[in-house]
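Subject: Structure for you to look at

Hello,

I am passing on a structure that you have not worked with before. Please open it alongside these notes.

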Amino acid sequence: MTHFESSNGDRFAEFVLPDGCVLCGGEVTVRASHAGAHSYCPQCHWLSKPQMRVRDNGVELSFATTVLA
Ligand SMILES: [Zn+2]
């Protein structure tokens with residue numbers, strides 16, 4: 001599991017994580033909503049649904065690289 005943090009303040013509906021892709025190390029676009037977060041890498045087309053936690057200093061995303069059914 002890999003952790004990323006973003007400190008975009010109170011607006012975090014959509015943001016970009018530089019080097020956020022765990023596959024190619026590229027830029028990952030993250031869209032967050034009340035239902036959860038989706039991330040997408042335009043370079044390798046990696047889609048993920050990271051766990052999102054809102055903290056005082058920003059948003060913490062947890063990408064699970066292995067899926068446990
Ligand atoms: Zn990628």
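In which sense do strand 6 and strand 7 pair, and over how many bridges? Strand 6 (residues 51-55) and strand 7 (residues 58-63) are antiparallel, with five bridges. Strands here are DSSP runs of E, at least two residues long, numbered from the N terminus, and two strands pair if DSSP finds at least two bridges between them. A hairpin of two residues links strand 6 to strand 7, and R53 sits opposite E60 of strand 7.

This is a predicted model: local features need pLDDT of at least 70, side-chain atom pairs count only at pLDDT 80 or more, and totals for chains, interfaces and linings use all residues. Numbering starts from 1 along each chain as its sequence is written.

Strand 4 has two antiparallel partners: strand 3, through five bridges, and strand 5 (residues 46-48), through three. G36 is the bridge partner of S33, while S39 stands opposite S48. In the hairpin of strand 4 and strand 5, with four residues between the strands, H45 has a positive phi near 60 degrees.

On strand 4, A37, S39 and C41 point to one face and are buried (20 or more other C-beta atoms within 10 Å of the residue's own, C-beta atoms being placed from the backbone).

Regards

Methods:
A residue is buried if 20 or more other C-beta atoms lie within 10 Å of its own, exposed if 12 or fewer, and partly exposed in between; C-beta atoms are placed from the backbone.
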